[in-house]
Amino acid sequence: PNMLVAAANQLYTIGTWRVSRKMYLWHLSQLTVRMVIDVRGNPRAGRQVDMYGGKELTRALQSVGIRYEYWGDRLGEEAVEAQSEQDLRRILKGMLAACSPGPLCILGHMHEPNKCHRLLLSSLVPSEWTVLHLIWSDHQSICTVSHSEARDRFAADRDFFLARKAAEERNRMEDRALAVKSFANKKTVTSSSCYRSDASQPRGWRRAQMAHAARQLDDSEMAVAIAAASVADAAAKLPVLTWADVSASEWEDRLRDGHAYRILLPWDTEL
């Protein structure tokens, strides 16, 4: 009986990750999943066409005895952001109570739960549910991650991001202070002073050019010029990705890894 209760209250989560639909069907059936709950706000987004929500996915899941339901209209990414945790708890409790007994699996967009809104949903389900996150090890195998481990990964990513953001903000403030000190009371700047290798001068050739261009700016325009120079310097420090040298699969990973890049696009365009 205890094993039956555990199975009935087992909740898995999984995301899409360039794995064939037949592998999803095989693994979910091996876990005796009874229903897949799609919480993707747009179930037809992304590159994995065979996992798009709709009749084909419904029929494929039914072929292995799994029911498909779409909850993205109430529990998709945008819907989650617009509601309080209290409201989300109430919605989840009611919708899960109406499900047939048996293991369930939440389907989200992102491969890793710590980068997907299904992690938050999993934190808000009633306490009697046991949550395990499924992550693809490769194109055929999956591993399980406990909900506490997934939350720890999310916290580590968040702390890293916040620490990096704080460091970048400190650097920007230092650059602005240096620029203001250099430009203060110098509305008329000679060309020679712009390119002087003085330690008190702003760093970088872009800021030197901005200083040269700022010689006839008023106070408000000068502030804009200083800010633009700071942004240009920050962009110059980013790792560079060249459009022609990065494969489509690598682009997908890069654009989702939480890091900032300077992207060189065709037609002499930067992003």
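Figure 1. Residues 24 or more positions apart account for 66% of the contacts in the protein with a separation of 6 or more; contact means heavy atoms within 4.5 Å. This is a predicted model, in which local features need pLDDT of at least 70, side-chain atom pairs count only at pLDDT 80 or more, and totals for chains, interfaces and linings use all residues. Residues are numbered from 1 along each chain as its sequence is written, and side-chain values use heavy atoms, with hydrogens and water left out. The protein has twelve helices and nine strands. Helices (H or I, at least four residues) and strands (E, at least two) are DSSP runs, numbered from the N terminus. Of the 271 residues, 37% count as buried. Buried means under 20% relative accessible area, exposed over 50%, and partly exposed in between, with a 1.4 Å probe and protein chains only. The protein exposes about 15900 Å². Carbon and sulfur atoms supply 55% of that area. Accessible areas come from the Shrake-Rupley method with a 1.4 Å probe; for residues, only the protein chains shown count as cover.

**Figure 2. The six-stranded open sheet.** The strand order is β3-β2-β4-β1-β5-β6, with mixed pairing. Two strands pair if DSSP finds at least two bridges between them. The edge strands, β3 (67-70) and β6 (142-146), each pair on one side only. From one strand to the next, the twist averages 25 degrees. Axes are lines fitted to C-alpha atoms, for helices over the stretch in contact, and angles run from 0 to 180 degrees between N-to-C directions. Strands of a sheet pair through backbone hydrogen bonds, either parallel or antiparallel.

Figure 3. Trp 136 has Ile 142 of β6 as its bridge partner. For His 133, the bridge partner in β6 is Val 145.

Figure 4. A pair of aromatic rings is described by the distance of the centres and the angle of the planes. Rings of Phe, Tyr and Trp (its six-membered ring) pair if their centres lie within 6.5 Å; planes under 30 degrees apart count as stacked, over 60 as edge-to-face and the rest as tilted. The count by this rule is one aromatic pair. The ring centres of Tyr 24 and Trp 136 are 5.0 Å apart and the planes are at 70 degrees, so the pair is edge-to-face. Distant parts of the chain are linked here: Tyr 24 sits in helix α2 (residues 21-30) and Trp 136 in strand β5 (residues 130-136), 112 residues apart. Tyr 24 is buried, at 2% relative accessible area. Trp 136 is buried too, at 3% relative accessibility.

**Figure 5. His 117 and its surroundings.** His 117 lies in the loop between β4 (104-108) and α7 (118-124). His 117 counts as buried because its relative accessibility is 14%. Its side chain reaches the backbone oxygen of Leu 75 at 2.9 Å. With neighbours within four places in sequence left aside, His 117 is in contact with Val 39, Leu 75, Gly 76, Glu 77 and Val 80.

**Figure 6. Two loop residues with positive phi.** Arg 18, a residue other than glycine, has a positive phi near 50 degrees. Arg 18 belongs to the loop between β1 (10-15) and α2. Its relative accessible area is 33%, so Arg 18 is partly exposed. Thr 32, also a residue other than glycine, has a positive phi near 55 degrees. Thr 32 belongs to the loop between α2 and β2 (35-38). Thr 32 is partly exposed, with a relative accessible area of 38%.

Figure 7. Asn 171 lies in helix α8 (residues 147-183). Asn 171 counts as partly exposed, at 38% relative accessibility. Its C-alpha atom is separated by 9.1 Å from that of Ala 234, 63 residues apart along the chain. Ala 227 lies in helix α11 (residues 219-236). Ala 227 is partly exposed, with a relative accessible area of 35%. The C-alpha atoms of Ala 227 and Arg 172 are separated by 9.1 Å, with the two residues 55 residues apart along the chain.

Key:
Polar contact = N/O pair within 3.5 Å; in protein donor to acceptor, adjacent residues only side chain to side chain.
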